[in-house]
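Here's a quick tour of a model you can follow with the viewer open. Take a look first, then work through the points below.

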Amino acid sequence: MNFKELKRSIDLAVNRKLNSVSHYLDTQHDKRLVGVPLGKYVPTQHREDLGATASQSSPYLPLQTMLGNEVFDENGVFADIGCGKVRALAYMAAEYGYKGRLRGIELNEEVAAIASSWAENYPNVEIICGNAF
């Protein structure tokens, strides 16, 4: 194995380990915020007819980076189209403490049901199962 191949092999191993640690931390964060893990991969039945992708939760670190320092109008609406199991809305409701309206629109009925199950604990969160387009 030459140096380039060795470096690539090490990089792949490090990335796998980092992804594993990130997934573990996100799962613990989910349990703390909404009581259940939100990271389970759920395939879509709408790939062929609507071009939809499967449900894959966003990691918390990018959410915190993108949303953590923003100031949101509490009279406004934060909408997540293609919300999946709504990790972004969970972050906004439970951790950020956003008091405005939070709306998630999800095409996949199974995924929308998962989102709705925890969202019922937050009066400002509404999950809509349907096609946003």
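A nonpolar core here is a set of buried Ala, Val, Leu, Ile, Met, Phe, Trp, Tyr and Cys residues joined through side-chain atoms within 4.5 Å. Buried means under 20% relative accessible area, exposed means over 50%, and partly exposed sits in between (1.4 Å probe, protein chains only).

Before you dig in, note that this is a predicted model: local features need pLDDT of at least 70, side-chain atom pairs count only at pLDDT 80 or more, and totals for chains, interfaces and linings use all residues. Residues are numbered from 1 along each chain as its sequence is written, and side-chain values use heavy atoms, with hydrogens and water left out. Helices (H or I, at least four residues) and strands (E, at least two) are DSSP runs, numbered from the N terminus.

**The core**

- The largest nonpolar core has 23 residues, and those with the most contacts inside it are Phe78, Val86, Met92, Leu102, Trp118 and Ile127.
- At least two core residues each come from helix 1 (3-34), helix 3 (60-67), helix 4 (87-96), helix 5 (109-119) and strand 3 (125-129).
- Helix 4 gives the largest share of this core, six residues.
- Contact means heavy atoms within 4.5 Å. Setting aside neighbours within four places in sequence, Met92 touches Leu67, Phe72, Phe78, Gly97, Tyr98 and Leu102.
- As general background, nonpolar side chains tend to be buried together in soluble globular proteins.

- Three strands make an open sheet in the order 1-2-3, with parallel pairing; two strands pair if DSSP finds at least two bridges between them.
- Strand 1 (77-81) and strand 3 are at the edges with a single partner strand each, so one side of each has no neighbour in the sheet.
- From one strand to the next, the twist averages 15 degrees. Axes are lines fitted to C-alpha atoms (for helices, over the stretch in contact), and angles run from 0 to 180 degrees between N-to-C directions.
- Strand 1 and strand 2 (residues 101-106) run parallel and are joined by five bridges. Val77, for one, has Arg101 in strand 2 as its bridge partner.
- Helix 5 lies across strand 2 and strand 3, running at about 165 degrees to strand 3.

**Salt bridges**

- A salt bridge is a side-chain nitrogen of Lys or Arg within 4 Å of a carboxyl oxygen of Asp or Glu. That rule gives a count of four.
- Arg87 and Asp26 form one of them, at 3.6 Å from N to O. Arg87 is in helix 4 and Asp26 in helix 1, 61 residues apart.
- Arg87 counts as buried at 6% relative accessibility, and Asp26 counts as buried at 9%.
- Asp30 also forms a salt bridge with Arg87, with the closest N and O atoms 2.6 Å apart. Asp30 lies in helix 1 and Arg87 in helix 4, so this pair ties together parts 57 residues apart in sequence.
- Asp30 is buried too, at 0% relative accessibility.
- Arg103 pairs with Glu126, their closest N and O atoms being 2.8 Å apart. Arg103 lies in strand 2 and Glu126 in strand 3, so the pair ties together parts 23 residues apart in sequence.
- Arg103 is buried at 19% relative accessible area, while Glu126 is partly exposed at 35%.
- Salt bridges with shared partners join Asp26, Asp30 and Arg87 into one network.

**Around Ser58**

- Ser58 is in the loop between helix 2 (47-50) and helix 3, and counts as partly exposed at 39% relative accessibility.
- Beyond its neighbours within four places in sequence, Ser58 is in contact with Leu63 and Arg87.
- Ser58 and Gly84 are 26 residues apart in sequence and 9.3 Å apart in space, C-alpha to C-alpha.
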